[in-house]
Amino acid sequence: MDEKRFAVLIDAENVSNIYIKYILDEISNYGSVTYKRIYGDWTTNAAAGWKTQLLENSITPVQQYSYTYGKNATDSAMIIDAMDILYSGNVEGFCLVSSDSDFTKLATRLRESGMMVIGMGEKKTPKPFSVACNVFKYLEVLMADAEAAEEKTPPASEENMTDIDTILRAMVNIISENGDEEKGISISELGNHLLKRYPDFDVRNYGYTKLSKFLSAFDGLSLTRHNNVLFVSLRQNHLDADTVRASIVSYVRDWEKYKKGKLNLGQLNQWLMEQFPQFNVKNYGYTTFVKFVSDIHGLTVKSSGKNGRIKHVQLIQ
């Protein structure tokens with residue numbers, strides 16, 4: 001199958017020129033670049049840093065004057081060009097480089113037309129833009145990964161970046177729902193599922209160079225090879241139901257003793273997954289977590305809020 005052709009469109013007003021090498025290197029992993037265009041007001045001093053990069057990387061500058069002070073002048077020009085390129089039929093994908101949420105609708109529109117959309121921006125990029133893309137890459141992570149000679153310590157969690165606990169819970173659910181009972185699920189299939197749920201997912205966001213190394217960091221996951229294909233499964237360590245129930249009761253007791261508030265069922269589930277990543281209520285004959293907790297001796301589940309949607313667990317007095 002021929003590799004995809006991409007149009008790389010860069011918002012010079014919202015991305016620093018220090019990232020250009022990492023942008024082009026990363027997009028080369030997905031296909032060939034047919035268009036390389038960058039948008040900005042080249043009469044201003046703010047764009048000076050980009051000028052030396054244009055010739056070196058064969059990027060076509062597109063002049064857009066700032067007609068109104070304080071407005072991002074590149075938005076309309078970049079959007080119009082993107083639609084012209086779309087209708088030309090010369091590409092199968094777009095790489096939109098910006099930290100501006102104004103391109104959210106453009107990313108959505110391009111995807112509706114069957115284009116693969118790769119977004120790139122700094123960690124300050126608003127969530128709506130990142131999730132509108134098929135894949136989203138943080139530029140600081142790309143730069144750090146390229147410059148690092150060895151595996152790094154996972155960086156601190158960022159406000160707009162999907163946190164690692166969310167990723168772990170998603171992986172457990174994906175493996176449980178889609179994996180083979182014996183082998184589990186191939187790591188490539190797991191990676192594809194994660195990208196569909198979280199377009200900004202990239203193991204480099206958490207300090208790892210490969211998905212296999214990332215998965216190996218979790219005690220509750222096991223990696224095995226079948227016919228030269230690497231699979232990941234939930235580690236079976238004979239986790240019995242009584243152990244889980246006793247742990248839950250102990251946690252609820254401590255919560256009421258020190259927190260002096262209501263323990264949300266979601267909070268309990270999150271804590272339990274951190275303690276036992278391989279936990280799955282289906283292994284004990286239950287279809288829902290609330291039913292499993294309700295049947296634990298000494299505990300009761302109460303409903304509150306509109307239509308009883310909020311559920312919390314407490315000790316039976």
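Predicted model: local features only at pLDDT ≥ 70, side-chain atom pairs only at ≥ 80, totals over all residues.
M171 belongs to the largest nonpolar core, which has 72 residues. Together with F94, L96, F214 and F292, M171 touches the most other members of that core. Helix α7, residues 164-178, supplies the largest share of the core, 7 residues. Another core lies apart from this one; it has 26 residues, including A12, I20, I27 and I59. As background, nonpolar side chains in soluble globular proteins tend to be buried together.

Next, helix α4, residues 104-112. Which of its residues are buried? They are T104, L106, A107 and L110. Looking down the axis of α4, these buried residues fall within an arc of 165°, so they line one face of the helix. On the face turned away from that buried side, α4 carries K105 and E112, both exposed. Just after the helix comes G114, with a positive phi of about 85°.

Last, the sheet. It is open, has 3 strands in the order β10-β12-β11, and the pairing is antiparallel. Why is one side of β10 and of β11 left without a neighbour in the sheet? Both strands, β10 at 263-264 and β11 at 299-304, stand at the edges with a single partner strand each, so one side of each has no neighbour there. Between β11 and β12, residues 310-315, there are 6 bridges. In that pair of strands, T300 stands opposite Q314 of β12. Helix α10, residues 241-258, lies across β10, β11 and β12, and runs at about 95° to β12.

Conventions:
Residues numbered from 1 in each chain as written. Heavy atoms only, no water. Buried < 20%, exposed > 50% of the residue type's maximum accessible area, 1.4 Å probe, protein only. Helix = DSSP H or I, 4+ residues; strand = E, 2+ residues; numbered from the N terminus. Arc of directions from axis to C-beta. Core = buried A, V, L, I, M, F, W, Y, C linked by side-chain atoms within 4.5 Å. Pairing = 2+ DSSP bridges. Contact = heavy atoms within 4.5 Å. Axes fitted to C-alpha atoms, helices over the stretch in contact; angles between N-to-C directions.
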